Amino acid sequence: GKPVRRSIQNSRGAEVGYGKGKIVGWLPAGESGFINKRTKRAAALWHVRYEEVCEKHRRYSPLAMGEEDFEEDEVKDAVASFRKEKDPPAWYVTTKENETAYTIAKLLRVDIDALMTANTKGLPEMRKSSKLRADTWLVAPPVLPTYARTTSLKKAEESEESEEEEESEEEEDEDEVDDGIVMDSTT
């Protein structure tokens with residue numbers, strides 16, 4: 001899935017934030033059931049899942065934008081926007097007492113060590129399990145780029161498959177040895 005960036009705009013059309021995600025699915029025009037209002041014709045749809053949401057320099061859970069279907073022109077704009085926009089640093093503000101770096105990293109889907117490093121200067125005594133007060137401001141590191149996340153997941157899956165294949169081969173070798181032994185149940 002290609003990475004995309006969707007602008008969040010206020011009522012006057014000024015950008016106040018963004019959502020970043022990746023394309024996770026596609027339906028051809030004949031299957032989408034969607035009719036383009038401008039052309040009055042069936043249109044293909046690309047399904048996007050958001051991974052990073054930021055509004056007014058504050059980071060929110062990706063669930064704030066969730067998922068969305070794009071038409072072809074929207075996809076082209078979103079892919080181009082992802083490539084060209086350099087977003088400013090974002091902040092996460094704790095909303096309740098006792099949030100920890102662990103829970104925040106999980107919520108924002110960021111690497112815990114990246115979150116800790118980004119906040120070393122402003123919160124030098126913070127630990128991964130430190131309980132933070134409500135309204136604590138943290139620098140929110142960027143979500144891992146879609147390509148890097150996908151690549152690292154593929155490597156992990158390949159590694160697991162490789163280990164499973166080795167275990168399977170070892171079991172087959174053991175079976176071959178067992179097949180050569182005749183057990184006499186009468187003794």
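Me: In which sense do β6 and β7 pair, parallel or antiparallel?
Reply: In this predicted model, the two strands β6 and β7 pair in the antiparallel sense, over four bridges.

Me: Which residue is the bridge partner of tyrosine 92?
Reply: That's leucine 138, in β7.

Me: And along β7, which side chains are buried?
Reply: Leu138 and Ala140 are buried and point to one face.

Me: OK, switching to helix α3. Which residues are buried there?
Reply: Ala101, Ile104, Ala105 and Leu108, in a helix that runs over residues 101-108. They sit on the same side of α3, because they cover an arc of only 100 degrees around the axis.

Me: Why would residues three or four places apart point the same way?
Reply: An α-helix has 3.6 residues a turn, so residues at that spacing do point the same way.

Me: What follows α3?
Reply: Arginine 109, and its phi is positive, near 60 degrees.

Me: New topic: where is glutamate 31?
Reply: It's in helix α1, which covers residues 29-32.

Me: Is glutamate 31 buried or exposed?
Reply: Exposed, because its relative accessibility is 58% and the cut-off for exposed is over 50%.

Me: And how far is glutamate 31 from alanine 44?
Reply: They're 13 residues apart in sequence and 7.9 Å apart in space, C-alpha to C-alpha.

Technical notes:
Residues numbered from 1 in each chain as written. Predicted model: local features only at pLDDT ≥ 70, side-chain atom pairs only at ≥ 80, totals over all residues. Heavy atoms only, no water. Buried < 20%, exposed > 50% of the residue type's maximum accessible area, 1.4 Å probe, protein only. Arc of directions from axis to C-beta. Pairing = 2+ DSSP bridges.
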